[in-house]
Amino acid sequence: MRLNVRNLFLLVTLTGAVFAASAGQITLRVADQKGNMRAQLEAANKLENLPYKIEWSEFPAAAPLAEALNAQAVDVGIIGDAPLLFAQAAGAQVKAIAVDKSDAYGPALLVKPDSPLKSAADLKGKSIATNRGSIGHFVALKALASAGLSAKDVTFRFLPPSDAKLALTQGSVDVWATWEPYTAFAETQDHLRVLVNGRGLWSGNSFLAATDTALKDKAKREAIADYLQRLSDAQVWAYKNLDTYSEKLAKIIGFPLEAAKLGFERRQSYWQPIDATTETQQQQTADFYHAQGLLPVALNVAGTFDHSFLLK
């Protein structure tokens with residue numbers, strides 16, 4: 001699996017997803033999902049005058065991004081709480097250094113507009129397409145639990161976002177469990193319906209995670225700290241300049257403006273250092289996955305954070 005991820009990383013690099021931000025000596029290898037970080041930084045002009053280089057690698061979902069971190073193919077990347085746990089349980093030497101708090105609506109269970117399903121209770125006996133270990137997978141499991149159901153009551157098909165959407169629209173599955181910006185695209189372009197959203201089911205936490213190797217390198221650690229501050233500043237700018245940012249985001253991720261804007265606007269995200277509440281929420285997520293039989297061992301998350309990264 002790791003070899004495949006390295007090959008994927010090389011393929012991404014060769015197809016032009018590498019971006020050199022400056023002519024500095026340090027190169028920070030950054031993993032992104034659907035333009036999330038790069039779009040904000042570019043739109044806010046926060047990639048100017050960098051004292052290091054950035055190599056961008058874009059991934060369609062968190063699972064391959066987590067594998068890239070595990071394979072040491074990248075130094076740092078944004079990743080959801082559940083995929084981070086899976087990576088750490090698999091032995092990935094990575095730590096979360098900051099948390100991006102957001103409204104939990106976006107991770108959602110989608111159905112076709114004419115679907116007879118009306119609530120989580122209607123999921124019994126149905127099929128759900130999602131990425132294994134993704135935030136979509138997590139919300140699907142939480143939705144089932146909220147209705148007194150479990151994974152045994154449904155059939156999961158583990159597919160990447162594009163294949164999962166196709167499976168739903170063609171009728172080979174009943175539900176697609178996904179996240180932003182795919183949720184916004186599905187609503188605005190495919191006219192799919194949100195059956196269950198993530199509010200009350202998901203913490204709303206995503207993380208900036210870095211490899212232990214990068215964190216032990218003094219120069220890279222300084223670059224990561226600088227990058228995090230720029231990322232936080234860019235996100236503040238993006239919400240203050242929503243229309244300008246949305247246009248940039250739409251171009252980078254190849255989504256219609258309406259979908260790109262909706263997906264970002266309703267997240268209402270903000271970066272902050274790791275705090276006790278975040279640790280508690282992450283432990284609850286780990287315990288839930290273990291109870292569901294998806295984490296093979298109980299995971300104590302206390303050692304999976306680096307609290308030394310601060311924000312202005």
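This is a predicted model: local features need pLDDT of at least 70, side-chain atom pairs count only at pLDDT 80 or more; totals for chains, interfaces and linings use all residues.
View 1. The charged end of Lys142 sits over the ring of Phe288, 4.6 Å from the ring's centre. "Over" has a set meaning here: NZ of Lys or CZ of Arg is within 6 Å of the ring centre and within 35 degrees of the ring normal. Phe288 also belongs to one aromatic cluster, together with Phe86, Phe138 and Tyr289.

**View 2. An arginine over a ring.** Here it's Arg132 whose charged end sits over a ring, that of Phe158, 5.2 Å from its centre.

View 3. The structure holds 12 aromatic pairs; rings of Phe, Tyr and Trp (its six-membered ring) pair if their centres lie within 6.5 Å. Take Phe185 and Phe255: their centres are 4.8 Å apart and their planes at 55 degrees, so this pair is tilted (planes under 30 degrees apart count as stacked, over 60 as edge-to-face, the rest as tilted).

**Notes for the views.** Residues are numbered from 1 along each chain as its sequence is written, and side-chain values use heavy atoms, with hydrogens and water left out. Local features need pLDDT of at least 70 and side-chain atom pairs count only at pLDDT 80 or more, but totals for chains, interfaces and linings use all residues.
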